[in-house]
Amino acid sequence: MNFLGVDAGGTKAQFALCDETGRVLYTARRPAMSLPHSGEKGLYKALSDGMAEARRAIQAAGDPPAQLTAACIGMPCWGESTRGDQTVVRIVKECLSDIPHLICNDVQAAWAGSLAMQPGINMVAGTGAMAFGMDAHGNTARCGGWGPRYADEGSGYWLGLRLLELFCKQSDGRIPQRGALYQLV
């Protein structure tokens with residue numbers, strides 16, 4: 001049995017293939033895999049190319065050749081748009097054919113991987129920023145992930161804007177004390 005995990009994202013996608021013992025057979029970093037960032041064609045290409053590589057890795061690792069048992073894809077923006085979700089489902093079905101799979105939001109996949117699906121909170125502060133958690137009773141909650149125009153506190157983009165804002169205010173004299181960041185910028 002072989003299982004594929006895909007951590008998709010607006011910056012990059014990471015594919016990992018493991019067997020039933022948890023032994024990692026293959027990993028690959030792929031281009032961005034996000035409907036808003038890549039569009040339908042880009043998402044399809046990134047996922048189909050990644051699947052083709054994973055299938056080749058399965059064939060190379062197996063004697064006799066094994067099959068892919070199941071896949072989980074952590075997808076950015078999943079659960080935020082019915083139309084977007086329907087598009088992602090169609091593309092994933094085309095690429096995975098009849099392989100059983102689960103599509104979830106990428107923050108949920110990050111939580112599952114970082115906490116081994118145990119109660120707790122995982123916070124993502126990368127290209128975007130959001131948090132996902134589960135309590136001891138199985139209740140889940142998600143916060144953030146609204147993007148740079150609305151509310152993306154803690155993201156790399158947000159931090160960059162705050163840095164430039166501070167620099168501009170120090171340059172104008174609205175903040176009279178110029179600190180180390182001013183000198184670096």
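**Salt bridges, sheet and surface patch**

Student: What is the relative accessible area of Glu94?

Tutor: Glu94 has a relative accessible area of 44%, so it is classed as partly exposed. Please bear in mind that this is a predicted model.

Student: Which side chain does Glu94 meet in a salt bridge?

Tutor: Its partner is Arg90, with an N to O distance of 3.4 Å. Both residues belong to helix 2, and because they are four residues apart there, about one helical turn separates them.

Student: And what is the relative accessibility of Arg90?

Tutor: The value for Arg90 is 37%, which makes Arg90 partly exposed. Arg90 also forms a salt bridge with Glu40, at 2.5 Å from N to O. That pair joins distant parts of the chain: Glu40 sits in helix 1 (residues 35–61) and Arg90 in helix 2 (residues 82–96), 50 residues apart. Glu40 is partly exposed as well, at 41%.

Student: How many salt bridges does the structure hold?

Tutor: There are ten. Among them is the one between Glu165 and Lys169, at 2.9 Å from N to O. These two are four residues apart in helix 4, so about one helical turn lies between them. Glu165 has a relative accessible area of 34%, and Lys169 has 26%; each is partly exposed.

Student: Which residues are linked in a network?

Tutor: Salt bridges link Arg30, Lys45, Asp49 and Glu53 in a network.

Student: Changing topic to the sheet: what is the strand order?

Tutor: The order is 6-7-8, in an open sheet of three strands with antiparallel pairing. Strand 6 (120–125) and strand 8 (140–144) are the edges; each has a single partner strand, so one side of each lacks a neighbour in the sheet. From one strand to the next, the twist averages 10 degrees.

Student: How many bridges pair strand 6 with strand 7?

Tutor: Six bridges pair strand 6 with strand 7 (residues 129–134). In one of these strands, strand 7, Met134 is the bridge partner of Gly120.

Student: Which helix lies across those strands?

Tutor: Helix 3 (residues 106–115) lies across strands 6, 7 and 8, at about 125 degrees to strand 6.

Student: Last topic: which residues form the nonpolar patch on the surface?

Tutor: The patch consists of Leu163, Leu164, Leu181, Leu184 and Val185, with about 450 Å² of accessible area together. Helix 4 (156–172) and helix 5 (180–184) each give two or more residues to the patch.

Student: Where is Leu181 found?

Tutor: Leu181 is in helix 5. Its relative accessibility is 39%, so Leu181 counts as partly exposed.

Key:
Residues are numbered from 1 along each chain as its sequence is written. This is a predicted model: local features need pLDDT of at least 70, side-chain atom pairs count only at pLDDT 80 or more; totals for chains, interfaces and linings use all residues. Side-chain values use heavy atoms; hydrogens and water are left out. Two strands pair if DSSP finds at least two bridges between them. Axes are lines fitted to C-alpha atoms, for helices over the stretch in contact, and angles run from 0 to 180 degrees between N-to-C directions. Contact means heavy atoms within 4.5 Å. Patches are made of residues with over 30% relative accessible area and no salt bridge: like charges are joined within 9 Å, nonpolar side chains (Val, Leu, Ile, Met, Phe, Trp, Tyr) within 5 Å. Accessible areas come from the Shrake-Rupley method with a 1.4 Å probe; for residues, only the protein chains shown count as cover. A salt bridge is a side-chain nitrogen of Lys or Arg within 4 Å of a carboxyl oxygen of Asp or Glu. Buried means under 20% relative accessible area, exposed over 50%, partly exposed in between (1.4 Å probe, protein chains only).
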